[in-house]
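I opened this one to go through its packing and its chain contacts. My notes follow in the order I looked things up.

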Amino acid sequence: MFFRILQKESVSDLIKGLAQTREVIGPRAKGSEFVFDVIENPDDIVLDYTTTLLPPKKYFLKSKEEMMRYNSKTGQVSEDEVAVEPRVLFGVHPCDINSLLLLDKVFLGDYVDPYYKARRENTLIVGVSCMPTQMCMCNAFGTGEVHDGFDLFLTDLGDSYYVTCQTAEGANLIDKYCETRAVEPADVDALQARIKKFNEAFVPAPDTSEIPLLFDAKYDDPMWEEIGDPCLACGACSMVCPTCYCFNVRDVQDADGVSGTRVREWDSCCFSDFAEVVGGHNFRPKRSDRVKYRFYHKQWGYLSRYGEVLCVGCGRCNTACKVNINPRRVLEALTKGGEE
Amino acid sequence: MAHKKVVFLSLASDFGCQVQVTNFPELLEMLGSIDLSYWQLATSAHMPEDYDVAVIEGAVTTQEHIELLEKVRGIAECVIVVGACACTGGVVGLALNHDLEEAARTVYGKDASKVAWGHIAPRPVDAVIPTDFKVMGCPINPEEFSYILQRAVQGLTDHPHRETLCSECKINENLCFYKQQKVCLGLVTAAGCNSNCVNRGRACTGCRGLAEDANLEAAREFAAKFSLENELLEAIEVYNTARKEA
Amino acid sequence: MAVNSSEVFRSLGVNPYRPWPARITSITKLTEKEKLFEIRLIDEEVRNAFTFESGQFVELSIFGVGEAPISISSAPSKQGFIELCVRETGTVTGALHKKQCGDIVGLRGPFGRGFPFDDMKGHDILLVAGGLGIAPLKSLINHIHDERHEFGKVTILLGARTPNEILFRRQFDMWKHREDFNLYMTVDHADETWDGDEGLVTQLFDRIEVNPDNTYGAICGPPIMYKFVFQEMRKKDLDVEKIFVSLERKMKCGMGLCGHCGVGHQYACIDGPVFSYWEAMNLQEAM
């Protein structure tokens, strides 16, 4: 790993250079919000953005994708090579980089998802530092910093970026396409000042100690009805979540009635039919059951298998939920009580 | 497998959904795998006496409609209702807010009883006969219609689950109308249109009817925070006045 | 021998979502609602690579309709084909019931954790099935049958609602007189053809003797049955870690990816569907 200083005015050189060989995706404005989208003109990228509406997950686990073509008469199945043009995601926040590492554990684990894998392998990640908003709670999960999962990371020092080159490919690209200079002691001081400022900007994190234990201890607590009953069952929380990975698969028959396409689409455990089995039995019939399960899986289910919590504290669900169902509220309700 | 015989018929509607189907090129391809026995919009022939799938558009507004539906249900193994009028009663259902005789006089003038006789309170098709599939919307999404017609001709009866529209709207990265203090029905309306209107900058008017999962109470409380509760309830009425549950 | 299809998929470098074409080679009508399908993978290499253990399931594709998880009913000792005992309840199972001998379907698998067959060897066995619960247990029963000398006393308790709904009845009627299997059957509602027990499967426990130190139990049936059968097994002092249950959930992908079969903090498709009773007791939503 090595470090360079990149003047902000040189960022457009880097983007133009990257665009010669790959599609550049980055944050850009959409009304008062931000979205990850194709950057055709480097002036369109907004690197000091707050949070995008959807996380970069959409470029790896597509909201809807064709998995394979089938012929229902012969049973022949054909998959095209997962066609992915080389890409760079430019300007990804630490929480979102960490979310991809969590998805990797699922989709690149025992069973390798070829669609996810192809896109992951063809995508470079350039991270960028951020300042917390009122909704952010990565300070609760330690996901406000990254140690892995990127090629370059740009920490904002005002007029310049402190660039961490994590991979050789990242280092080569920055050398190739833009002017940088060596790090000087004053830059390190500025970096430290920036880290302090970042940490001080947070709303205090909720207590996360013993959450799995408290989850089971309070599994039948009335708090779940109170939090979960107003759920609109819209699934917005899952759609905007960088770590939600549930999907549904269905066959779409062609007009000829013989061949067709097997497609998968994002799903949400907050939809009423999510845990319903054939014959009609629903293992989570109530809205509050489903809301509870969503948090149970994130805070304990995933943790029990992979050793980490399935939440990076990006705050998107907090913004998207119309009825105030969010991890901060759940953690606060779980840790409430026990006062002397 | 023998081709399934399909008939298309209309009750009280503006034929918009049938026109929408004609805009869909895949339908012509599909004609190779189905037998389109009768299509009210496109033919003056008489309806055949046997068929497998009946596609019905429009709301029920006359006693004749009821008799027709009962006959159809006795013949068709699968009944697909298409469009807001057939699925929820739609805009036609708004007549329920008025005295029917008076409404007829307003529309047809003093000779109303000669031209508009036999009217009954408007209702959706499933208030009269059991239905197998609903393709909601005003007008329908032809892609969804094609998917469901394909399921029907395969003899399947699994109705796709429809969550509320907010889910699709999030996928499309639209900005929420409530942040601009405007009512949008996406939070209670059945998804499946790919948030077509919102993608184009218009709030959802709820033409696909209420979603199975809709939580009206919570939606009302949410709208009340913006002092939009009454507007929300009025907006819901437009397509849901005559819905079966009402 | 643990069978883990993830290793097979990985070594073959194949897309684990991709179903392999398979042919229905035999269909036997068992009851009004259930049929037994014998299915052979068409590709010989795949067919030879396909090994499984009792309690595991496959994802069955009816192309154009969808996929559904179905437990394997035949014994792992039978190579070259699998048997699926399927009730006509859902979309995919409904479409399967319309298929005929020779028709093509798709298969993926096997998936999940089965019964600990090797650990069970050298012990007495007590198997309890209610209704369609016999589908996964049938594989275990047949496997034990094929290696009968490895086991002590084998007791099977079967329950069904009516005599007409007893699955594999012809085979079990013959087994009633076997000395190497203690088979007891009961129905909730008897008719004139029935001269056996009438009542719930739990009542059969009065008739059997169990050596608690040396017995493995397995229970499969409708969820409501588990608790009551478990209580009977505990009355006989069976070890909670030696009682096994198979949990039914919506296992859409079979690989712990799609999220649909979550049960408490685990996934039925990869952590189960067979769990020890102790594990199941420690899973929220399991019982």
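**Notes on cores and contacts**

I started with A:Phe107. Leaving out residues up to four places away in sequence, I get contacts from A:Phe107 to A:Leu61, A:Val112, A:Asp113, A:Tyr116, A:Tyr245, A:Phe247 and A:Arg264 in chain A, plus C:Tyr17 and C:Leu257 in chain C. Worth noting for everything below: this is a predicted model.

Next I looked up the core around that residue. The largest nonpolar core has 177 residues, and the members touching the most other members are A:Phe90, A:Phe107, C:Ile39 and C:Leu60. I then checked which element gives the most to this core, and it is helix α2 of chain A, residues 94-107, with seven residues. There is also a second, separate core, with 34 residues; I jotted down C:Phe115, C:Ile125, C:Ile156 and C:Ile166 as being among them.

How much area do chain A and chain C bury between them? I get about 3,800 Å², with 53% of it on carbon and sulfur atoms. On the chain A side, the residues losing the most area to chain C are A:Tyr111, A:Phe283 and A:Arg305, and together they make up 20% of what that side buries. By contact, chain A puts in 47 residues and chain C 42 residues.

A:Arg305 came up again when I went through the charged pairs. Its side chain meets that of C:Asp271 in a salt bridge, at 2.4 Å from N to O. The rule finds three salt bridges across the interface of chain A and chain C. For polar contacts across that interface I count 19 residue pairs, with both residues at pLDDT 80 or more.

Which elements of chain A supply at least two residues each to the side that touches chain C? My list reads β4 (64-71), α2, α3 (114-121), β10 (247-253), β11 (259-266) and α9 (287-306). The largest share comes from α9(A), at seven residues. Sorting that side of chain A by type gave me 23 nonpolar, 11 polar and 13 charged residues.

Last stop was chain B, for one residue. B:Gln20 sits in helix α1 of chain B, residues 16-22. What does B:Gln20 contact, leaving aside neighbours within four places in sequence? I find B:Pro139, B:Ile140 and B:Pro142.

Definitions and conventions
Residues numbered from 1 in each chain as written. Chains lettered and ligands numbered in written order. Predicted model: local features only at pLDDT ≥ 70, side-chain atom pairs only at ≥ 80, totals over all residues. Heavy atoms only, no water. Core = buried A, V, L, I, M, F, W, Y, C linked by side-chain atoms within 4.5 Å. Buried < 20%, exposed > 50% of the residue type's maximum accessible area, 1.4 Å probe, protein only. Helix = DSSP H or I, 4+ residues; strand = E, 2+ residues; numbered from the N terminus. Contact = heavy atoms within 4.5 Å. Buried area = accessible area lost by both parts, 1.4 Å probe. Salt bridge = Lys/Arg side-chain N within 4 Å of Asp/Glu carboxyl O. Polar contact = N/O pair within 3.5 Å; in protein donor to acceptor, adjacent residues only side chain to side chain. Nonpolar A, V, L, I, M, F, W, Y, C, P; charged D, E, K, R; others polar.
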